Amino acid sequence: MVIFLGLLSIGLAIACLGIAVYAVFAKGRRRKFLLLSFGLLVGASISGYAAGTIGITQRSTQLAEMSNSACRTDLVCWAGTVINTAGSLCTPFIEKQAQYGIKWTDKMSETRFESYAWLDEKHGHVRYYGDKAMIMNGKNGDWVIANYSCDYSVLNSAVLGVALREGPLP
């Protein structure tokens with residue numbers, strides 16, 4: 001995270017430099033626009049590269065930690081390490097299951113899943129569960145609490161299947 005913030009600040013500094021060059025040296029409108037665009041483009045590119053690099057580094061660290069044999073047999077370590085990744089990858093598939101609409105009730109700092117269990121321990125597949133959503137009831141148009149599950153392959157970072165049902169988790 002510290003690396004990301006450092007690279008982000010470098011990107012913003014370059015963008016600001018582009019604006020400063022624009023303000024001081026540019027004489028024609030076209031030249032001003034080109035210099036401003038170039039400065040912002042370089043700044044945004046560096047910031048985007050930093051974000052991508054950090055994401056790749058974090059995922060590599062997670063996989064290295066999980067490949068440890070002790071983590072592989074411990075459900076809390078195995079499933080808990082990637083619960084946020086699973087949540088972000090499963091969400092679009094869960095939303096497609098809602099026939100009339102879905103509203104998420106979780107907070108930004110929370111994960112969409114509340115619990116998990118082995119789906120196939122041998123292959124490292126986990127089933128995540130949650131009920132932080134409301135779906136529109138097709139009978140009378142009311143919003144009702146919904147529970148959902150997502151079958152997830154931790155090693156492949158792949159969604160295997162999802163389910164969405166009315167009612168809270170049992």
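Reader: What should I know about the model before we start?
Author: The model is predicted: local features need pLDDT of at least 70, side-chain atom pairs count only at pLDDT 80 or more, and totals for chains, interfaces and linings use all residues. Residues are numbered from 1 along each chain as its sequence is written, and side-chain values use heavy atoms, with hydrogens and water left out.

Reader: Why is the link of Cys 71 to Cys 77 called a disulfide?
Author: The term needs a pair of cysteine sulfur atoms within 2.5 Å. For Cys 71 and Cys 77 the S to S distance is 1.9 Å. That is within the cut-off, so the pair is a disulfide. In general, such a link is a covalent bond between the sulfur atoms of two cysteines.

Reader: What makes the disulfide of Cys 71 and Cys 77 left-handed?
Author: The torsion about its S-S bond is about -100°, so the disulfide is left-handed.

Reader: How do you know whether Cys 71 and Cys 77 are buried or exposed?
Author: Buried means under 20% relative accessible area, exposed over 50%, and partly exposed in between, with a 1.4 Å probe and protein chains only. Cys 71 has 4%, so Cys 71 is buried. Cys 77 has 19%, so Cys 77 is buried too.

Reader: How many disulfides are there by this rule?
Author: Two. The other joins Cys 90 to Cys 150, with S to S at 1.9 Å. Cys 90 lies in helix α5 (residues 83-97) and Cys 150 in strand β4 (residues 143-153). They are 60 residues apart, and the pair links distant parts of the chain. The link of Cys 90 and Cys 150 has -60° about the S-S bond and is left-handed. Both Cys 90 and Cys 150 are buried. With the bonded cysteines numbered in sequence order, the pairing is 1-2, 3-4.

Reader: What makes a stretch count as a helix or a strand, and how many are there?
Author: Both are DSSP runs, numbered from the N terminus: helices are H or I with at least four residues, strands are E with at least two. The protein chain has five helices and five strands. Along the sequence the pattern is α-α-α-α-α-β-β-β-β-β.

Reader: What makes the largest pocket a pocket, and which residues line it?
Author: On a 1 Å grid over the protein atoms alone, a pocket is an open set of points where a 1.4 Å probe fits, with protein on both sides within 12 Å along at least five of seven lines. Lining residues have an atom within 4 Å of a point. Among them are Ile 83, Asn 84, Asp 106 and Arg 112. The volume, the space filled by probe spheres set on the points, is about 170 Å³.

Reader: How do you know that Asn 84 is exposed?
Author: Its relative accessible area is 53%, so Asn 84 passes the limit for exposed. Asn 84 is in helix α5. Asn 84 and Phe 113 are 29 residues apart in sequence and 8.3 Å apart in space, C-alpha to C-alpha.
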